[in-house]
Amino acid sequence: MRDSRGAEFDDFVRTRSMVLLRAAYLLTGNRHAAEDLLQEVLEQVYVRWRRVRGSPEAYARRALVNRSINRWRRRARRPEQALGDHDGVARDHADAVALREVVVGALRALPARQRAAVVFRYLEDLPIADVAAAMGCSEGAVKSHAARGLARLREVLAESSLVMPITDSGSSR
């Protein structure tokens, strides 16, 4: 069963969110930024609902103004940059996508326990004890599975010209 705060807040959002979204849009000039701004403000209103219950719309409007001003200030300090556009040079992400596909394909080729050991140990960077607990085996078995998995990955990835050789830099943990 929902508490009264949740029900009252839901009613407020249902009845006033479009008006507040329009205000956020006018403050930001961008639909996506307005939706983000309104979401942040509604989270703030929900947290403070007991204090603002008497005039939640006024509080929300003030919060919209304050947060939109803060966004403009942040933007003035740190200008926006398009994704992938660094130093005026747009980068092609095709190589990264191809590399990812090769690595994921090589991981899929591993037996399940070797794949789990490699993923947890090297991609998630978990200590051997945590990997052993997750896999339900001994630490020695984790080391063995990881070593065999890395050896197999080296073989598969060596065949690809996209990937640099894999080094075993984390085997001491």
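1. First, a term: a residue is buried under 20% relative accessible area, exposed over 50%, and partly exposed in between (1.4 Å probe, protein chains only). Arg 31, with a relative accessible area of 45%, is therefore partly exposed.

2. Some ground rules. This is a predicted model, where local features need pLDDT of at least 70, side-chain atom pairs count only at pLDDT 80 or more, and totals for chains, interfaces and linings use all residues. Residues are numbered from 1 along each chain as its sequence is written, and side-chain values use heavy atoms, leaving out hydrogens and water.

3. On to the charged pairs. The whole structure has seven salt bridges (a side-chain nitrogen of Lys or Arg within 4 Å of a carboxyl oxygen of Asp or Glu). In one of them, Arg 31 meets Glu 35 at 2.8 Å, N to O. Both sit in helix H2 (residues 31-47), four residues apart, or about one turn of the helix. Helices here are DSSP runs (H or I, at least four residues), numbered from the N terminus.

4. Which residue does Glu 40 pair with? Its salt-bridge partner is Arg 67, at 3.2 Å, N to O. Glu 40 is in helix H2 and Arg 67 in helix H4, so this pair ties together parts 27 residues apart in sequence.

5. Glu 8 also forms a salt bridge, with Arg 53, and their closest N and O atoms are 3.5 Å apart. This one links distant parts of the chain: Glu 8 is in helix H1 (residues 4-28), while Arg 53 is in the loop between helix H3 (49-52) and helix H4 (56-77), 45 residues apart.

Conventions
Helices (H or I, at least four residues) and strands (E, at least two) are DSSP runs, numbered from the N terminus.
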